[in-house]
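This report describes selected local features of a two-chain model. The sequence and the structure come first, and the notes follow.

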Amino acid sequence: MSFRRTLPQILIHLLLILFGISCIIPLISIISISLSDENSIIQNGYSFVPQGFNFSSYAYVLYKPLQLLSALKTSLIVSIVGTLISLIITAGIAYVLSREDYKYKSSLSFYVFFTMLFNGGLVPTYMLISKYLHLKNTIWVLILPYLAIPWFILLLRSFMQKIPHSIIESCMIDGASELRIFFKIILPLAKPGLATIGLFIVLQYWNDWWLSLLYIEKESLVPLQYMLYRMINNIEFLTSSTNAMPPGMNTSIIPAETARMAMAILAAGPMLVVFPFFQKYFVKGLTVGAVKG
Amino acid sequence: MVKRLKLYKSGIIATIFILMFSLVIGACGNSNNKAGVSSPETTTPPAEGSSSPTPAADLPPVTLSWYFPGNFPQPEQDKVFTEVNKIVKEKINATIDFKPISFGDYDQKIKVIIASGEAYDIAFTSNWLNNYTQNVAKGAFLPLDELLEKYAPKSFAAIPANFWDATRVNGNIYGYINYQISARTPDVATSKALADKYGFDVNSISGKLSPDTMNLLEPYIQAVKKDHPEKALISQLSQIYEMFSFESLAGFNVPGAVSYNDDTLTVFNQFESDEYKKLAAVLRDWNAKGYLNSKERISKKQDDWADAKAGKWIMVIGGAYKPGVASLNSELGGEPYVSAPASKPYLTTGGIVATMQAISRSSKNPERAMMLLELLNTDKDLFNLLNFGIKDDHFGLNAEGLMVPGPNQQGYNPQVPWMFASNFLANVQEGMPKTVWEDTIKMNEDAEPSKLLGFSFDAEPVKGEIGKTSAVFGEFYRGIELGVINETKYNEFLSKMKDAGADKIIAEMQKQIDAWKTSK
């Protein structure tokens with residue numbers, strides 16, 4: 001009997017262990033490469049144990065740490081401020097949409113849903129933001145466009161729909177105002193949902209380089225991901241189109257393999273710390289929207 | 001209930017209409033945009049009057065924004081830009097709003113800026129980044145002829161007239177040339193130590209290589225190979241295509257070429273030419289003899305100098321030959337190198353339009369922008385400041401006046417002299433011959449101009465075919481350059497090229513060339 005029960009379990013565990021390993025391996029190898037000696041990598045290829053252990057690539061990346069620090073600062077500000085504001089707005093819309101007794105529920109839902117499928121396109125958006133809203137080269141341009149993401153709104157709405165309407169009704173009978181119901185009753189009840197959506201939003205802000213690519217030209221406002229993306233993109237460009245370029249481009253200045261990995265570690269590091277913190281809610285929240293009433 | 005259903009239905013219909021409408025609007029918006037850019041709404045005609053340079057004090061202060069690509073950001077770029085602006089302010093009473101963009105992002109970013117009609121003054125343009133021909137066709141740039149004569153007489157005269165002709169589209173110049181090496185031929189480079197040891201004189205093959213004469217290299221390769229089986233000969237198709245006796249019109253990986261000696265300017269498929277087939281045969285032979293270490297190299301998509309550093313190269317045919325290239329190679333390879341030109345250099349449109357600045361239609365101060373270009377191309381100190389940073393900090397000069405790295409070189413070292421202005425104003429680096437720029441200019445002047453000088457192929461009409469054929473090239477090139485595919489496979493490559501639309505591209509090229517010929 002025990003065999004029958006355990007065999008699938010062993011299989012599942014094996015599968016999950018393999019999956020876990022395949023997630024960790026790249027990370028380990030990145031760390032190892034970043035600590036290796038450049039020349040030995042060229043000669044022997046990558047390995048999981050650093051070859052010629054040294055911190056020179058970190059020294060290279062941190063040569064002028066101001067740039068990295070200011071990028072980190074921008075990323076942190078954008079992620080924290082953005083997530084807080086975005087959560088409030090997302091929760092606000094989602095709550096309203098989840099209320100059966102809201103008169104314009106379907107048209108508002110449609111409005112939200114519509115923007116998920118259609119948008120103004122790149123150039124008109126760019127013109128609106130840079131020409132009319134004058135948001136170019138401000139920190140707000142990194143925050144505002146992602147404040148209300150339809151997908152997250154719909155996700156949170158389905159979560160909130162599971163909160164029984166009778167709770168809201170009884171509050172009303174007790175004389176609570178709508179705002180009070182929202183802040184004192186709904187938000188605490190929706191905590192797991194909020195945490196999940198919050199995590200998504202943090203990731204969205206943290207991983208974004210697109211907005212900064214388009215709208216940021218001031219070096220002091222460049223976030224970390226864009227800095228990283230720019231570096232990788234640059235290397236790719238230089239190695240792939242050297243033959244199209246005018247002669248005399250010295251490709252020896254491309255940051256070494258080790259430096260790139262060191263940069264990746266420094267950029268990804270903070271997220272690794274944030275993740276476990278959210279994990280508690282994450283499992284609960286993952287079932288968001290799975291069962292619909 | 002019925003009413004609700006009706007409402008629901010009409011709602012659906014309305015939605016469909018909205019969607020269709022938005023599609024139509026989207027399409028219109030696109031073309032409207034283009035039209036918007038091409039109509040010169042914001043063009044201020046160049047100020048009339050004074051052809052002599054006006055003293056700075058008489059000019060009203062302006063700000064000029066300048067988009068350019070490069071290895072940016074540099075840690076101390078703001079410091080250098082501030083210094084540059086001090087000089088520019090003094091000389092032409094302008095402040096440059098520097099917009100350095102990293103290479104990888106430049107194309108995408110400048111496209112959006114141009115399409116949105118945002119005001120800027122100067123932008124880098126070329127045939128490999130921020131495509132010149134397409135932008136001119138869109139009407140994104142100002143014609144420069146008048147401005148050049150009026151505000152940049154010195155630098156206009158410094159560049160040969162046939163160079164300017166190469167930039168002309170419908171008779172007008174739209175790009176300000178950053179003068180640099182434009183005569184193209186691949187560079188044959190080998191380690192000095194190796195060449196000395198095996199008694200190989202690189203100059204003995206200088207300018208003599210072609211698919212027929214590749215055997216000139218064999219004795220040397222054979223000798224090295226005997227003692228160093230780990231070393232290989234490197235010759236990538238993407239880099240040696242300029243060795244052939246024809247000009248590839250849309251890049252090495254796209255069918256369509258015109259022979260340099262052909263007065264009729266007939267386009268043909270270079271991959272089907274005898275020359276190309278001969279080269280493939282030579283490489284096949286060399287692979288059989290083991291010169292290429294194909295087995296090891298095939299896992300990589302392309303070879304890079306890291307392998308040279310690791311001691312895996314005998315010799316490389318590739319890159320572009322230019323005076324002083326040996327010192328660059330030595331830096332890349334980590335040991336002294338010797339170099340020679342592979343074949344006779346030719347002057348092509350591609351070599352000239354590779355580095356240019358354009359003045360935008362949306363510029364409010366085109367005259368001042370031109371003055372700035374003139375200043376950058378005539379003021380050696382200013383150019384070197386922008387190029388190499390602050391003297392004795394980012395770079396230094398040794399007793400002979402050659403440039404050496406400064407104590408703080410890492411702070412500012414963008415390495416793109418041809419991007420800012422005329423390359424020939426740059427400080428000569430230590431290790432290069434002192435006369436390197438004179439030699440380069442001479443090489444430019446001595447090079448035989450292609451009969452197609454002034455013609456740029458507009459790839460837009462056959463974009464799809466170009467994508468497909470270059471994908472086919474991508475599938476086969478490594479096999480060809482490593483000599484591992486046999487003749488049947490090569491023929492398969494040719495027939496796949498045909499299926500991908502090679503003939504259509506060639507027909508389009510011929511059409512454009514014929515139109516260009518009559519317009520001339």
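Val404(B) is placed in strand 18 (residues 403–405) of chain B; here helices (H or I, at least four residues) and strands (E, at least two) are DSSP runs, numbered from the N terminus. The model is a predicted one, in which local features need pLDDT of at least 70 and side-chain atom pairs count only at pLDDT 80 or more, while totals for chains, interfaces and linings use all residues. Residues are numbered from 1 along each chain as its sequence is written, chains are lettered from A and ligands numbered from 1 in the order in which they are written, and side-chain values use heavy atoms, with hydrogens and water left out.

Leaving aside residues up to four places away in sequence, Val404(B) touches Phe395(B), Gly396(B), Leu397(B), Asn398(B) and Glu430(B), where contact means heavy atoms within 4.5 Å. Asn215(B) is 189 residues from Val404(B) in sequence, and their C-alpha atoms are 40 Å apart in space.

Tyr229(A) belongs to helix 13 (residues 224–240) of chain A. With the same exclusion of residues up to four places away in sequence, Tyr229(A) touches Trp209(A), Asp105(B) and Gln108(B). Between Tyr229(A) and Ala264(A), 35 residues apart along the chain, the C-alpha separation is 9.8 Å.

Two helix pairs come next. Two packed helices are described by the angle between their axes and the distance between the axes. Axes are lines fitted to C-alpha atoms, for helices over the stretch in contact, and angles run from 0 to 180 degrees between N-to-C directions.

| Helix pair | Axis distance | Crossing angle |
|---|---|---|
| Helix 9 (residues 165–173) and helix 10 (residues 178–189), chain A | within 11 Å | roughly 145° |
| Helix 11 (residues 274–288) and helix 21 (residues 487–499), chain B | within 11 Å | roughly 145° |

In chain A, helix 9 passes helix 10 in a right-handed crossing; a crossing is left-handed if the near helix is turned anticlockwise from the far one by less than a right angle, and right-handed if clockwise. Helix 9 of chain A contributes Ile167(A), Ile168(A), Cys171(A) and Met172(A) to the contact, and helix 10 of chain A contributes Glu178(A), Ile181(A), Ile185(A), Ile186(A) and Leu189(A).

In chain B, helix 11 and helix 21 also make a right-handed crossing. Tyr276(B), Lys277(B), Ala280(B) and Arg284(B) of helix 11 meet Glu487(B), Tyr490(B) and Leu494(B) of helix 21.

Most residues other than glycine have a negative phi, and most peptide bonds are trans. Asn137(A), not a glycine, has a positive phi of about 60° and sits in the loop between helix 6 (122–132) and helix 7 (140–143) of chain A. Asn130(B), likewise not a glycine, has a positive phi of about 50°; its loop runs between strand 3 (122–125) and helix 4 (132–138) of chain B. Phe72(B) and Pro73(B) are joined by a cis peptide bond with omega about 0°, and Pro73(B) is in the loop between strand 1 (62–70) and helix 2 (77–92) of chain B.
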